[in-house]
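Let's take a friendly walk through this protein, one piece at a time. Have a look at the picture, then read on.

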Amino acid sequence: MAEESACIRLMVVDDHPVLREGVAAMLENCDDILLVGQAGDGAEAIDMFRALRPDVVLMDLQMPGINGFEAIAAIRAESPGARILVLTTYGGDGQAVRALRAGAQGYLLKSSLRTEMVAAIKSVHAGRRHIHRDVADEIASHVADTNLSGREVAVLREVARGLANRDIGLRLGVAEETIKAHLKNIFAKLDVSDRTHAVTVALQRGMIDL
């Protein structure tokens, strides 16, 4: 093992201990990346980052409490130079764009952990972006699309839960006609014709989750 000062100091954030242990095992024979900390959720990640100041953070997105998106934004707000590489199972462009906007420099799928992780860590540490090819293709294919607004995403989440327009309006504090208008806009933006297809597309692209 090289001297710690010569290594990329890595912190891993994931709520699954097996995943964290897997990353540690893959780095055992890597002499220029040193695992200095492991966190199980976003809140722990923020505190641990303050204490350790790692060179690169490998960050999951879906975690209980403070999720990865919120943790990325919080860390970057305090340390604009922080280098964060997302590690997730979600390949949709919606999740990726949201993570990149929050401040992540890279987006890696867990399915490519063994083949891409080391190169991705080194790339992000060097100040370059690293986005999994399939995710980059998804982003490129939808670059001209009109994004859903925050309220439209909220409406679509309620649709995915099976609520009728009237019930969605009651939950969000707006009239049923307003919900219908939001759905019309959602259908147009996603190029779909019904609620089921809208939910399917939004799930595939990572705009909503269940």
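Predicted model: local features only at pLDDT ≥ 70, side-chain atom pairs only at ≥ 80, totals over all residues.

## A strand covered on both sides

Strand 3 has both of its faces covered: V56 and L58 on one side, and V57 and M59 on the other, are all buried. Here "buried" means under 20% relative accessible area, while over 50% is exposed and anything in between is partly exposed (1.4 Å probe, protein chains only).

Residues are numbered from 1 along each chain as its sequence is written, and side-chain values use heavy atoms, with hydrogens and water left out.

## The sheet around it

Zoom out and you'll find 6 strands in an open sheet, in the order 2-1-3-4-5-6, with parallel pairing. At the edges sit strand 2 (33-39) and strand 6 (130-131), each pairing on one side only. Strands are DSSP runs of E, at least two residues long, and helices are runs of H or I, at least four, all numbered from the N terminus. Two strands pair if DSSP finds at least two bridges between them.

So who does strand 3 (residues 56-59) hold on to? Strand 1 (residues 8-13) runs parallel to strand 3 and is joined to it by 4 bridges; V56 is the bridge partner of L10. Strand 4 (residues 84-88) is also parallel to strand 3, with 3 bridges between them, and there M59 has V86 as its bridge partner.

## Helix 1 meets helix 5

The axes of helix 1 (residues 17-26) and helix 5 (residues 113-125) come within 11 Å and cross at roughly 70°. That makes helix 1 roughly perpendicular to helix 5. (Angles of 65 to 115 degrees count as roughly perpendicular, under 35 as roughly parallel, over 145 as roughly antiparallel and the rest as oblique. Axes are lines fitted to C-alpha atoms, for helices over the stretch in contact, and angles run from 0 to 180 degrees between N-to-C directions.)

At this crossing, L19, V23 and M26 in helix 1 meet L113, R114 and M117 in helix 5, where contact means heavy atoms within 4.5 Å. Helix 5 also holds S123, which counts as buried because its relative accessibility is 9%. Leaving aside neighbours within four places in sequence, S123 is in contact with R128, R129 and H130.

## Helices 7, 9 and 10

Which residues of helix 7 (residues 150-160) are buried? They are E152, V153, A154, V155, L156, E158 and V159. Their cover includes helix 8 (165-172), helix 9 and helix 10. Just after helix 7, G162 takes a positive phi of about 90°.

Helix 9 (residues 176-190) and helix 10 (residues 195-204) have axes that come within 10 Å and cross at roughly 55°. That makes helix 9 oblique to helix 10. Where they touch, L183, I186, F187 and L190 in helix 9 meet R195, A198 and V201 in helix 10.
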